[in-house]
Amino acid sequence: MAAASLSHDGETEAARWFGSAWRHVLPVTTTRQGELAANALAALRSSPGLDRLTRASTLRSPAVLSAFRKQQGLTFCAIATLATAKTALLRDNTCHVTERDVYTKGKERGTLPPRVEETGMTLQEVAALASSVGLRAEACHADVDPPSVDDGCSRFRQTLQAALAEADGGRRVVAVNYHMTQLGQGLGFGHVSMVGAYDPVTDTALVLDCWPDTEAVWAPTPRLWRSMTAADPSSGRSRGYITLALQ
């Protein structure tokens with residue numbers, strides 16, 4: 001399928017914000033754009049997606065955008081996400097933390113789950129692995145947030161906005177653990193990815209999807225929250241989100 005034409009000023013700006021990572025953001029096709037729109041998602045590399053990135057000038061993380069990479073290992077979404085988070089928080093253009101770095105540190109320190117290459121990782125396992133690479137992690141399961149879906153979503157939105165507003169200081173970043181089908185991406189498994197920006201006008205968060213074959217998308221915050229409430233069969237708990245900072 002041919003990529004949709006994107007004659008948009010935001011394309012040049014976005015390439016600047018992402019730096020070399022822009023090549024890791026898949027171009028959206030016309031067919032895919034319609035599919036995403038039907039599920040209330042907007043591809044980053046669509047005109048609406050680029051508009052939102054431009055508009056989110058005070059609620060985006062340039063460091064996360066430029067550090068973003070797609071995962072290489074089939075079940076390594078959490079490992080790739082932690083590599084992106086650590087690179088972004090270091091704020092050192094000469095240092096790029098890789099999946100191999102995270103994997104090796106986790107194996108050395110005993111925080112790498114033994115079945116990671118078969119089943120991936122639960123939210124608590126991601127938090128434990130984060131400590132092995134010098135990150136302080138605060139994990140929040142969606143099923144423990146008070147006492148309704150609306151209240152839980154509101155707290156998540158506030159956490160996300162606060163972290164992104166501090167992005168220039170490099171203090172905190174946020175990753176989400178969600179179910180891709182419930183989000184509307186059409187793939188039937190759980191996933192972990194970074195959030196790179198938030199657009200208050202549309203109440204959407206930019207999910208920097210690290211799966212190789214799907215693109216970064218803007219997702220309505222309530223829909224993203226609901227996709228985090230899905231139970232993870234490996235833990236019996238809901239998914240959720242994790243706030244990361246340097247130790």
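Let's start with burial: 56% of the 247 residues in this chain count as buried. Buried means under 20% relative accessible area, exposed means over 50%, and partly exposed is in between, with a 1.4 Å probe and protein chains only. A word on the source: this is a predicted model, where local features need pLDDT of at least 70 and side-chain atom pairs count only at pLDDT 80 or more, while totals for chains, interfaces and linings use all residues. Residues are numbered from 1 along each chain as its sequence is written, and side-chain values use heavy atoms, leaving out hydrogens and water.

Overall fold next. The chain has 11 helices and 9 strands. These are DSSP runs, numbered from the N terminus: helices are H or I with at least four residues, strands are E with at least two. The C-alpha atoms fill a box of roughly 50 × 45 × 35 Å along the principal axes. For 247 residues, a compact globule would have a radius of gyration near 18 Å; the chain has 17 Å, which agrees. That radius is taken over C-alpha atoms, and the globule rule is 2.2 Å times the number of residues to the power 0.38.

Contacts now, meaning heavy atoms within 4.5 Å. Among contacts with a separation of 6 or more, 67% join residues 24 or more positions apart.

On to the cores. A nonpolar core is a set of buried Ala, Val, Leu, Ile, Met, Phe, Trp, Tyr and Cys residues joined through side-chain atoms within 4.5 Å. The largest has 50 residues, and Phe-18, Leu-44, Leu-53, Ile-79, Leu-206 and Leu-208 touch the most other members. Helix H5, residues 77-90, gives the most to this core: 8 residues. A second, separate core has 28 residues, including Val-28, Cys-153, Ala-163 and Tyr-241.

What does Leu-206 touch, beyond residues up to four places away in sequence? Its contacts include Leu-44, Leu-53, Leu-65, Met-194, Ala-216 and Trp-218.

Back to H5, which also holds Lys-86. Lys-86 is buried yet has no salt bridge. The nearest side chain of opposite charge is Asp-101, 8.8 Å away. Here Lys and Arg count as positive, Asp and Glu as negative, and His and the chain ends are not counted. Leaving aside neighbours within four places in sequence, Lys-86 is in contact with Val-97, Val-133, Gly-134, Leu-135 and Leu-246.

A salt bridge is a side-chain nitrogen of Lys or Arg within 4 Å of a carboxyl oxygen of Asp or Glu. The count comes to 7. Arg-32 and Glu-215 meet at 3.1 Å, N to O. Arg-32 lies in helix H2 (30-38) and Glu-215 in the loop between S5 and strand S6 (217-220), so the pair ties together parts 183 residues apart in sequence. Both residues are buried. Arg-32, Glu-35 and Glu-215 are linked in a network of salt bridges.

Asp-143 pairs with Arg-237, closest N and O atoms 3.0 Å apart. Asp-143 sits in the loop between strand S2 (135-141) and helix H9 (149-165), and Arg-237 in strand S8 (237-238), so this bridge ties parts 94 residues apart in sequence. Asp-143 is partly exposed at 42% relative accessible area, and Arg-237 is partly exposed at 31%.

Last, backbone. Two residues to look at. Arg-91 has a positive phi of about 55 degrees although it is not a glycine. Arg-91 is in the loop between H5 and helix H6 (99-109). Asp-203, also not a glycine, has a positive phi near 50 degrees. Its loop runs between strand S4 (190-199) and strand S5 (204-208). Are they buried or partly exposed? Arg-91 is partly exposed at 45% relative accessible area, whereas Asp-203 is buried at 19%.
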